[in-house]
Amino acid sequence: MLTTCVILSPRWSTLAIVGGLLLVASLVVRLPLSVAPRPPMWFVSGFIGGCLGAWLGDGLELFLRVSTLALVVLWGSGLIAWVTPTASLADALRFFLRPLRLLGAPVDQWSLVMASALRGLPMLRDQAQAVLDTAKLRLGQDMAALSLRGSARLSVDVITAILSATSRGAAETGRAMSMRGSIEAQDGATRGARVRLGWVDAAVIAASLLGIAGIVACRLMP
């Protein structure tokens, strides 16, 4: 809901409210500073160059607002990934989408697809790391001396290799699930741990509703 509000109304007031809620949540769960990504130098220099270009074109405020919007959305997504086990996301999705069953929506199938996709993320990470390590071993010192065109070609080759390796792994996983039977897989998804709301969930929902109320109030103000 907060992400929807930020995307539909990317005003500074909206970004400030959602960013403040994310900051409070990060402090409550005591996230260490080590989990924050450290942007490389090329990213920082590109951002500074973008600010200069936007300033010359009288669009600095818009550029900064869009950059802040991207940061807030990534921060919220990262916070969910940091504090929530991936195995619990599918059950949570099925719990919150349960009212859609009255409309005939395949909620159990959606949760099964999400659970399968989340289980595939570690495989994608391992495949990407293996391809990158192989490319570094083959090129060695020549990798640092690549031109811009050579770096672009290498990026295309690496991405293609990652997608090819991941597709093979996904095909093998799909065959294994087919051998087990789709009905059994769906039953396994629907028989997961029962999701129950506690006082922490109530506090998070209350804080989110207060944030949404503040966003709506700022929107209605002249």
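The largest pocket of this predicted model holds about 1800 Å³ of space, where a pocket is an open set of points on a 1 Å grid over the protein atoms alone, with protein on both sides within 12 Å along at least five of seven lines, and the volume is the space filled by probe spheres set on the points. Its lining comprises 39 residues, among which I80, T84, V204, I205 and S208 lie nearest the centre; lining residues have an atom within 4 Å of a point. Helix α9 (199-220) gives the most to this lining, with nine residues, and α1, α2, α4 and α5 are among the helices that each supply at least two. By class, the lining has 30 nonpolar, seven polar and two charged residues.

The protein chain as a whole contains nine helices and zero strands, helices being DSSP runs (H or I) of at least four residues and strands runs (E) of at least two. Of its 222 residues, 19% are buried, that is, under 20% relative accessible area with a 1.4 Å probe.

On the surface, W12, M41, W42, F43, V44, F47, I48, L52 and L64 form a nonpolar patch with about 950 Å² of accessible area together; patch residues have over 30% relative accessible area and no salt bridge, and nonpolar side chains are joined within 5 Å. Helix α3 (residues 41-56) provides the largest share of the patch, seven residues. F47, found in helix α3, is partly exposed, with a relative accessible area of 35%, between the limits of 20% and 50%.

Residues are numbered from 1 along each chain. Local features need pLDDT of at least 70 and side-chain atom pairs pLDDT 80 or more, whereas totals for chains, interfaces and linings use all residues, and side-chain values use heavy atoms, without hydrogens and water.

How values were computed: Patch = residues over 30% accessible without salt bridge, like charges linked within 9 Å, V, L, I, M, F, W, Y side chains within 5 Å. Areas by Shrake-Rupley, 256 points an atom, 1.4 Å probe, with all protein chains shown as cover. Salt bridge = Lys/Arg side-chain N within 4 Å of Asp/Glu carboxyl O. 1 Å grid on protein atoms, 1.4 Å probe; cavity = no way out; pocket = protein on both sides within 12 Å on 5 of 7 lines; lining within 4 Å. Nonpolar A, V, L, I, M, F, W, Y, C, P; charged D, E, K, R; others polar.
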